[in-house]
Amino acid sequence: MRILLFTGKGGVGKSTLAAATACASAAAGHRTLVLSTDAAHSLADALDVPATGEPSEAAPNLWVQHVNAQERFERSWADIQGYLLSVLDVAGVDPVAAEELTVIPGAEEVLALLEVRAQAQSGEWDVLVVDCAPTAETLRLLALPEALGWYMTRVLPVERRVVKALKPVLTRAAGVPMPGDSVFDAIERLHAELDDVRAVLTGPETSVRLVLTPESVVLAEARRAYTFLTLFGYTVDAAIVNRVFPDGGADPWRTTWVEAQARVLEDAADSFAGLDLWTSVYRASEPVGREELLDLARQVYGDTDPLASGPAHPAMSVRSTAGGRVLSLPLPLAAQDDVRLARKGDELVVSVASYRRLLTLPSGLARHRVAGARVHDGQLQVRFTEPTTPTTSEETT
Ligand SMILES: Nc1ncnc2c1ncn2[C@@H]1O[C@H](COP(=O)(O)OP(=O)(O)OP(=O)(O)O)[C@@H](O)[C@H]1O
Ligand SMILES: [Mg+2]
């Protein structure tokens, strides 16, 4: 089983490249499902076949699915939303406004990923190709279960018991309805499901491919995505620069663009030095339909297997040195100044710009003190020393 996620800024060619890769995979004899979690659903347009909420056969070995996030959303969220609505009702919020307030931005897209997990676990497919929504923000939301882990295992069960025991009193005192069992159940179910999705998408079978176009603004976003996807434990294995102008022709407009793109391509090569880097030319027409897409895939991947995972990546590791033990976490393209560390009990909070991950420390380090940290060679290295006195919280850069 192989899972490939295509992500990148809006309009760069994610759907096209996901569809092209899926066509190549199917042509090589793998049972392939290409699905989109993005509400825009342009896969069907790229493949030039109809698509629905269920996998439908588009070509030999090739199935296509447009996940209906709305439906999933309603199923998973109904109990929690129902509760929030009742609270807002008591608070006197207009029901229409209340509906709006209980919709979390990005939640639909996250729930669409539940379908990716379901398909991954169905045993039906050799290959899953996922056309993600613009920007990888959604994948970041999958860090939520991890971030809530402590709350879920330690606080929620207690809260549930307390609320149950005190429900009549609390409801009278607070004047708002207290959450019932179904709300707690729904929260727990959602938490477990999202945790499971994250496990699948950060697992050894899954790679993320960054799609970009040769413009500096787009490259800047792809670089950020590379950093935070790695921070959250996803394996980025390749970057694909799409819509590169072919050179040739004396027209100054074109020459200027070709030169500008060549500079961005050089920067891209530096930025993604540890990854496979592929390019695809700006075609004279939109690549639509199986033949065109197969041709595009051949041009992008050349002789390499489109399904092969890129160069091996270092994972999080701990080694002993003379000065103590050093925890290394891959963090490509991050500048030392952007990284903040905080220690909370047996957890390390790593923040890069506005992204934050809670890492549970390996048991061997849980009681050690943070003695220093640096960003070096695409890695965050945190030095720990033996515990002298117990520490609870400290800040370092
Ligand atoms: N190499 C290429 N040459 C010419 N046209 C291309 C190429 N790649 C993509 N396109 C065209 O660019 C447009 C955008 O591509 P696509 O829909 O795949 O982007 P996307 O990243 O999925 O966009 P969105 O963020 O809206 O989902 C489409 O019209 C597509 O046919
Ligand atoms: Mg798209």
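What is the volume of the largest pocket? In this predicted model, local features need pLDDT of at least 70 and side-chain atom pairs pLDDT 80 or more, while totals for chains, interfaces and linings use all residues. Residues are numbered from 1 along each chain as its sequence is written, and side-chain values use heavy atoms, without hydrogens and water.

The largest pocket has a volume of about 690 Å³ (a pocket is an open set of points on a 1 Å grid over the protein atoms alone, where a 1.4 Å probe fits, with protein on both sides within 12 Å along at least five of seven lines; lining residues have an atom within 4 Å of a point). Among its 37 lining residues, Thr 230, His 313, Pro 314, Ala 315 and Pro 330 are the closest to the centre. Elements giving two or more residues to this lining include α10 (216–231) and β10 (324–330), but β13 gives the most, with 4 residues. By class, the lining holds 18 nonpolar, 14 polar and 5 charged residues.

The second largest pocket comes to about 490 Å³. Of the 24 residues around it, Gly 13, Thr 16, Arg 243, Glu 286 and Pro 287 lie closest to its centre. Here α1 is the main contributor, giving 3 residues, and the lining comprises 9 nonpolar, 9 polar and 6 charged residues.

Turning to helix α9 (residues 181–201), its end C-alpha atoms are 30 Å apart, which agrees with the 30 Å that 21 residues should span at 1.5 Å a residue. Its buried residues (under 20% relative accessible area, 1.4 Å probe, protein chains only) include Phe 184, Leu 190, Leu 194 and Leu 201, along with His 191, Glu 193 and Arg 198.

Notes: Chains lettered and ligands numbered in written order. Expected span 1.5 Å × (residues − 1). Buried < 20%, exposed > 50% of the residue type's maximum accessible area, 1.4 Å probe, protein only. Points joined across faces, edges and corners; volume = space filled by probe spheres on them. Nonpolar A, V, L, I, M, F, W, Y, C, P; charged D, E, K, R; others polar.
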